[in-house]
Amino acid sequence: MTSYILKRIGSALITLLIVAATTFFLMNAVPGSPFITEKSTPEMIARAEAKYGLDKPLVVQFVNYIKGYFVGDMGVSLKMQQDTSVAEIIFNQNKLALSSRIGAYALLLAVVLGIPFGCIAAYNRGNWIDGLLRVVTTIGVAIPGFVVATTLLVLFGVQLQWLPVRSGSMETASAFILPVFALSFYPSCYIAKLTRASMLDAINQDYIRTARAKGLKTGKVIFKHALRNSLIPVITYLGPLTAYIITGGFVVETTFSIPGLGKYFISSILNRDYPIIMGTTVVLAALIIIMNLLVDIAYKLVDPRISLSKGDV
Amino acid sequence: MERKMPKYNIFHTKVDDILAENQFSSADFESATAEEKESMVEMHKSVSYWRDAVRRFKNNSVSMVALAVVILLTLFAFVGPYLIPYSYEEQFRGSMKLGPFEYSEGELRAKEALGDADVLFSTELMPGSLTSLKKGDYAFSYRGDWYQFSLNRTLRSGFLMYNGSKAEPLYTVKIDDFIAGGDYETTSVAFTVVKDKPVDPDVTIISMRSSVFPHVFGTDSAGRDIMSRTMYGARVSLLIGVIASLIVLVIGSIYGAISGFLGGKTDFIMMRIVELIYSVPDVLIVLLLQVVLQIPLQNWFDSSSLPIVRALSSLGVGIVSIFITFALLYWVGMARIIRGQVLMLKKQEYVTAAMVLGASNSRIIRKHLLPNSIGQLVVTTCLQIPSAIFLESFLSFLGLGISAPMSSLGSMCSDAIDTITVYPYRLLFPAIILSLLVLSLNLVGDGMRDALDPRLKK
């Protein structure tokens with residue numbers, strides 16, 4: 001087990017390094033200096049490049065960049081908030097905190113809605129409740145996230161005016177309702193589908209029949225025997241779910257104009273502020289990779305049937 | 001592995017249901033007659049793989065409905081633009097911010113003129129051509145006759161009405177010229193009937209229309225017809241979906257087949273690369289690529305004169321960088337599936353036979369392994385189409401990907417958000433079309449999976 005975890009951590013670190021390298025070299029492959037404006041002279045550009053260390057060879061720059069991460073130095077913003085450190089922008093300006101709050105609520109809501117609805121659908125297999133849930137979840141996993149977000153915005157914000165529309169301030173709890181629900185719609189539908197399928201698979205196993213034959217109550221059969229085994233696919237989905245929550249957050253924050261990291265990241269892309277793009281990409285990628293790592297380890301812990309010695313799944 | 005699902009629901013079991021399932025009548029135990037035995041020899045005619053798949057697909061009513069929706073949307077996207085007189089990039093200066101089926105002042109005047117008994121025929125000029133409608137000679141044809149008139153001043157935007165009343169001594173062309181501030185000015189121009197189409201190159205030929213076509217979905221703030229933009233956006237989406245999945249098909253199947261077929265160290269290294277790409281958060285890299293590829297692609301388009309580059313540059317930088325990201329990142333799923341298939345197939349006797357006969361590796365892959373994985377190839381490619389459309393609309397929605405004046409369903413949705421409190425319908429149409437498209441393509445893909453590869457059926 002320890003060797004598996006170590007191996008998994010090692011490969012996660014390699015992935016992270018590759019993401020950092022890809023990001024760094026891609027950003028540097030863009031022709032033209034970020035300092036070129038209409039007014040700048042060659043001397044001014046050279047001075048600015050020297051100031052930010054951009055005149056050194058690429059490999060030296062990369063090594064310096066990676067070194068910087070270990071001491072919390074991720075470079076400084078070139079355009080969006082000139083000369084403010086990227087680490088400061090990401091971690092201290094309440095952006096990451098706001099985004100992760102929305103993300104965490106959405107993740108929780110997706111699990112809390114998805115699993116019970118999946119169970120309800122499996123329990124009612126074949127009747128109208130199952131049919132209805134199947135229609136909803138099929139639509140839910142197929143339509144793009146921004147359609148869901150904008151539809152909710154039009155419906156509850158504009159038409160019914162129950163909830164605030166794009167006020168930009170996230171002071172009140174009601175401002176969280178629409179974004180969190182929009183963000184969790186796709187994953188809750190996906191989890192419901194997943195739970196239903198694995199639940200149906202589980203309840204046709206022999207041990208369920210044995211449990212039923214022993215005369216156990218339906219509730220006990222479902223929760224104690226069927227559900228526990230059918231949650232394994234849901235656990236493996238938590239990794240991709242985190243990735244979805246992060247990228248879906250870009251859309252939701254843009255739609256509801258929430259001043260979180262996602263919206264800031266997109267505008268840094270549109271403004272071509274390279275250090276911010278690089279820093280945010282690496283931080284978000286690290287988040288996703290760590291989550292995948294945790295999920296992989298949890299998966300092996302939860303299901304003893306999976307062989308631990310054989311590394312790959 | 002696969003279990004037969006009992007017909008009754010295990011949680012709502014009634015004894016009668018179980019008994020009913022196991023009910024046999026005495027007829028079930030009678031010995032078979034000679035004819036019955038004969039009929040068992042060939043019960044079914046031998047059915048080819050494809051025919052069997054088509055039959056299974058046809059039995060799936062959800063997929064059939066979805067297929068019909070896909071066909072309708074494809075017609076909407078590819079035939080629709082030829083049926084409506086507006087193009088996706090034209091800006092109608094007089095008709096900005098119209099709701100669905102609303103008419104601008106000028107269009108109302110033209111409609112009125114159509115209802116007028118004196119006016120046999122009215123038409124509108126494309127504002128694009130009208131802005132270039134400078135002083136000069138013009139011609140148009142109506143019911144086989146050619147008419148010619150000359151303009152002595154430049155017109156900006158408006159409607160050209162042909163008053164063909166026989167009562168008047170002189171035929172006139174009335175021109176409603178849209179002047180800034182929302183007013184219209186009517187000018188009459190005399191025209192003459194000519195026998196043939198003018199051959200003089202200075203004479204500009206104007207196409208005429210017999211009715212004012214409504215803006216079915218309304219217009220946007222720049223005065224562009226939303227329906228034609230939606231059609232164009234759907235076309236862009238479908239094209240991207242199909243081309244991106246073909247890219248994935250080619251790269252993924254070749255890579256997967258080579259990896260699975262050669263096995264050993266090659267397979268190990270190739271699969272580590274796949275795993276690596278798999279573990280990289282794709283959307284983040286896609287966003288980066290969108291930023292990075294913009295300038296080099298533009299330079300490449302500007303410098304090269306190869307026909308293929310010309311074709312690509314007409315698609316635009318946004319679309320091409322989406323293709324590149326698919327070529328770089330999204331083939332890994334396909335490669336894994338095909339590798340698995342090839343690993344299974346290469347142990348078959350016919351592959352051994354081909355090897356013994358001295359067939360080269362590439363021949364075995366081309367002639368034996370890939371054709372036998374056709375079901376997987378088709379299904380995975382089909383399911384790739386909606387995911388490509390998904391990604392494109394996601395990027396365009398965020399302001400990357402496709403940019404104005406080209407339209408994409410994603411960028412239309414994001415444009416609509418700024419005015420969502422006033423014009424919610426601007427969001428409605430592209431969002432509905434996009435959702436229908438992705439949903440029905442997914443359902444068709446699922447149906448194809450069930451039809452072509454029944455083992456995968458959930």
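Trainee: What should I know before reading residue names and numbers here?
Mentor: Residues are numbered from 1 along each chain as its sequence is written, and chains are lettered from A, with ligands numbered from 1, in the order in which they are written. The model is predicted, and local features need pLDDT of at least 70, side-chain atom pairs count only at pLDDT 80 or more, and totals for chains, interfaces and linings use all residues.

Trainee: How many helices and strands does chain A have?
Mentor: Chain A has 13 helices and 0 strands; helices (H or I, at least four residues) and strands (E, at least two) are DSSP runs, numbered from the N terminus.

Trainee: What percentage of chain A is buried?
Mentor: Of its 313 residues, 38% are buried. A residue is buried if 20 or more other C-beta atoms lie within 10 Å of its own, exposed if 12 or fewer, and partly exposed in between, with C-beta atoms placed from the backbone.

Trainee: How many residues of chain A are in contact with chain B?
Mentor: There are 47 residues of chain A in contact with 38 residues of chain B; contact requires C-beta atoms, placed from the backbone, to lie within 7 Å. The largest share of the chain A side, 8 residues, comes from α1(A).

Trainee: And by class, what is on that side?
Mentor: The side of chain A that touches chain B has 31 nonpolar, 14 polar and 2 charged residues. Ala, Val, Leu, Ile, Met, Phe, Trp, Tyr, Cys and Pro count as nonpolar, Asp, Glu, Lys and Arg as charged, and the others, Gly among them, as polar.

Trainee: Which residues make the contact between α7(A) and α18(B)?
Mentor: V147(A), T150(A), T151(A) and V154(A) of α7(A) meet L427(B), A431(B), L434(B) and S435(B) of α18(B). By class, this contact has 5 nonpolar, 3 polar and no charged residues.

Trainee: Changing topic, which residues does A182(A) contact?
Mentor: Leaving aside neighbours within four places in sequence, A182(A) is in contact with V148(A), A149(A), L152(A) and V252(A).

Trainee: Is α16(B) mostly covered or exposed, and how many of its residues are buried?
Mentor: α16(B) is mostly covered, with 21 of its 24 residues buried.

Trainee: What span should α16 of chain B have?
Mentor: At 1.5 Å a residue, its 24 residues (374-397) should span 34 Å, which agrees with the 35 Å between its end C-alpha atoms. The expected span is 1.5 Å times one less than the number of residues.

Trainee: What comes just after α16(B)?
Mentor: G399(B) does, with a positive phi of about 95 degrees.

Definitions and conventions. Two residues are in contact if their C-beta atoms, placed from the backbone, lie within 7 Å.
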